[in-house]
Amino acid sequence: MIDKTGFLYHEICMWHDTGNRSIYDDSGIYFQPTTSYENPETKRRLKNLLEVSGAMKQLKSIDSKVASIEALQRFHTERYIASISEKSAKGAGDAGEGSPFAQNGFTIARQSSGMAIQAMESVLKGDVKNAYCLSRPPGHHAKRDTGSGFCLLGNIPIAIMAAQAKKLVKRVAVIDWDVHHGNGTEEAFYDSADVLTISIHHDNNFPANSGGISDRGTGEGHGYNFNIPLPAGSGIDAYLTTLNELVVPALQRFKPEIIVVACGFDAAAVDPLGPMILNSETYRKMTNILMKEANKLCNDRLVMIHEGGYSPSYVPFCGLAVIEEMSGQRTKVVDTLSDEIAVWGQQEIQPHQQDLIDNLKSYLKDIC
Ligand SMILES: [Zn+2]
């Protein structure tokens, strides 16, 4: 069973209801309400594509439970947990900074965190080679004392802290390729040298004033938080160069016991919430790069936790590409948009993108 890819999905995650709003702010009476960008369809359509393409047959389905309150408390404050628990019981609320939820939102968020916990445990215990967790609500913006940006609970910090508490792992590398900064994960491990957090994101997109290159961790954690804020319009070469010239050397210096990816698909070219121009083939290649490092460094241990990605028609192709690569299969599904995006202008690396990458290379020496 060790060579299988685990897959986690739970129907109740699709019942998380963010309401009828375009993004996360109230646009007043002037704006016709519409479906929130963060809605079940992007994820459910990925799961459906896995099924109709036959890819699901090669995956090992993994069950999960809701995360315990104790597991949440390792990262979140008691005040915050009590606050969203009460709002959820009353029927609806906002966890903070644009993280609306409806009835049972807290329970569903605990399910999402529980899936991340189980994904990590299954890989660390050797039940599966690697795992993909298709959960919602997402988690990488959630902070200790507040939700943020559609995220209620910090799924990745909660899962890492649960695995560390069970002494299943110590050194963990988190690669966040969601187009927005992984600020919650950064906060969770800012003073830790045991967890390397690398976030590749659009410069100063969301949250505002977050994810700058000078935010590098504190105390023992100095150097172990690595922000890579790419300019708008970064494409295929910019991302692959970032992985090959910054992420891979960082991983080789750090020598993690497991690699966790905050897997957002909102750097795709047709995403409504990001200005980047990736295609599904780039996500496949980035997965392959990390799998090679996981093979060299940590017995293939790789866990992907689903984060953002807001194109209902394109997220499924990106997710399929990642999961095909993780599980060593290739279905007959053809992403016809991928070749079209690949020849768009500025897909080759631009001088200002390469300059940023070159400047950041000096930060690698602080990782050991
Ligand atoms: Zn995002």
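**Helix H1 and a helix pair**

Modeller: Start with helix H1, residues 40-52: at 1.5 Å a residue its 13 residues should span 18 Å, and the end C-alpha atoms are 18 Å apart, which agrees. The expected span is 1.5 Å times one less than the number of residues. Helices are DSSP runs of H or I of at least four residues, strands are E runs of at least two, and both are numbered from the N terminus. This is a predicted model: local features need pLDDT of at least 70, side-chain atom pairs count only at pLDDT 80 or more, and totals for chains, interfaces and linings use all residues. Residues are numbered from 1 along each chain as its sequence is written.

Colleague: Which residues in H1 are buried?

Modeller: Thr42, Lys43, Leu46 and Leu50. Buried means 20 or more other C-beta atoms within 10 Å of a residue's own, exposed 12 or fewer, partly exposed in between, with C-beta atoms placed from the backbone. Seen down the axis of H1, the buried residues fall within an arc of 95°, taken from the directions from the helix axis to the C-beta atoms, so they line one face.

Colleague: What's exposed on the other side of H1?

Modeller: Glu51 and Val52.

Colleague: And what comes after H1?

Modeller: Gly54, with a positive phi near 90°.

Colleague: New topic. At what angle do H3 and H4 pack?

Modeller: H3 (residues 78-90) and H4 (residues 105-124) pack at about 125°, with axes 7 Å apart. Axes are lines fitted to C-alpha atoms over the stretch in contact, and angles run from 0 to 180 degrees between N-to-C directions.
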